[in-house]
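Hi,

Here is the structure I promised to pass on. Have a look, and my notes follow below.

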Amino acid sequence: MRAFEIQGGFGLERITLAERPKPAPGPGEVLLRIRAASLNARDLGVAGGFYVGAETLPLIPVSDGVGIVEELGEGVTRVKPGDRVCPIFVQDWLAGTPTEAMLGSTLGGPRDGVLAEYGVFPQESLVHVPEHLTDEEAASLPIAALTAWQAVVTEGRVRAGDTVVVQGTGGVALSALQFAKLHGARVIVTSSSDVKLERAAALGADLGINYVKSPQWDQEVLRLTDGRGADHIVDLGGAATLNASLAAVRPGGRVSIVGVLSGVTAAGLDLIPAIRKKVTLQGINVGSRGMFEDMNRALALSGVRPVIDRVFPFTEAVQALRYMQEGVHFGKICIRL
């Protein structure tokens with residue numbers, strides 16, 4: 001089979017199309033023919049050596065994909081040939097609170113990912129996907145959509161009438177917008193682009209803030225909420241945005257720490273607003289298989305679809321990663337096999 005591998009070091013230039021033997025499923029395992037994959041910021045981090053070490057190489061990158069069940073190992077009962085399923089990102093996290101060992105079972109590093117024609121996965125790590133979604137849309141679920149679901153629904157418990165601030169217009173952000181609207185919230189989206197804010201409004205965003213034109217976007221949030229602050233902020237920026245998120249959230253509100261796009265170390269982080277306002281800071285680490293199944297039921301009932309920015313052919317997977325690196329996308333970048 002054909003597979004992309006990170007070979008001999010880190011960097012996008014180290015990702016090479018290679019030949020590997022087609023894998024065979026063992027007891028309790030399933031062979032999937034991969035149909036589509038989707039990219040996340042984490043994939044760039046893996047390619048750059050941020051999340052994994054050289055001992056994992058050669059490594060098949062990219063964590064999120066969807067495939068068709070082609071062959072069953074002995075004792076498999078959870079799926080059948082022809083089923084369309086997604087492997088979950090944290091392969092061993094099925095329900096409840098994850099252990100440290102579970103958190104190390106992630107696809108696309110340290111375990112081989114889905115940027116290959118075939119993959120073998122434990123049957124317990126597979127989730128059936130809603131029928132109304134295309135392959136590319138289904139491939140967008142495991143990290144981006146599930147992260148947003150945990151932030152907004154499982155942990156966030158967003159209710160009708162809440163004000164939710166969503167940072168950016170990538171895959172997680174747009175899924176958070178969709179799930180918040182599904183629960184009756186008012187959503188404020190921040191972006192550096194007026195065009196992207198207009199597109200977010202077409203998806204249901206109630207208000208938009210261009211943080212280039214309004215660098216103190218937290219003050220805009222306070223103005224738009226009559227000084228009260230937002231009930232919930234989905235923070236994707238990390239180090240550079242957390243202070244503003246703490247300033248913009250209401251007393252007793254919640255900040256879901258989802259992304260680290262601007263870094264993981266925040267010099268000058270001011271925790272006084274969090275303490276004074278009794279803010280809940282919630283780290284979000286994608287989600288379990290149980291959360292994934294809950295989310296899929298909501299998607300099937302509502303008809304909500306992930307937003308796809310662009311689809312690349314399999315042979316242009318590295319170009320797709322470079323396109324993600326540019327940061328101009330709106331929604332998910334996908335790869336079709």
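Predicted model: local features only at pLDDT ≥ 70, side-chain atom pairs only at ≥ 80, totals over all residues.

Residues are numbered from 1 along each chain as its sequence is written, and side-chain values use heavy atoms, leaving out hydrogens and water.

Helix 5 itself is mostly covered, with ten of its twelve residues buried (under 20% relative accessible area, 1.4 Å probe, protein chains only).

Phe179 from that helix is buried, and it is among the residues with the most contacts inside the largest nonpolar core, which has 51 residues (a core is a set of buried Ala, Val, Leu, Ile, Met, Phe, Trp, Tyr and Cys joined through side-chain atoms within 4.5 Å). Helix 4 (141-154) is one of the elements that supply at least two residues of this core, and helix 4 gives the most, ten residues.

On to the rings: there are four aromatic pairs in the whole structure (Phe, Tyr or Trp rings, six-membered for Trp, with centres within 6.5 Å; planes under 30 degrees apart are stacked, over 60 edge-to-face, the rest tilted). Phenylalanine 4 and phenylalanine 314 are edge-to-face, because their planes are at 75°, with centres 5.1 Å apart. Both are buried.

Cheers

Key
Buried < 20%, exposed > 50% of the residue type's maximum accessible area, 1.4 Å probe, protein only. Helix = DSSP H or I, 4+ residues; strand = E, 2+ residues; numbered from the N terminus.
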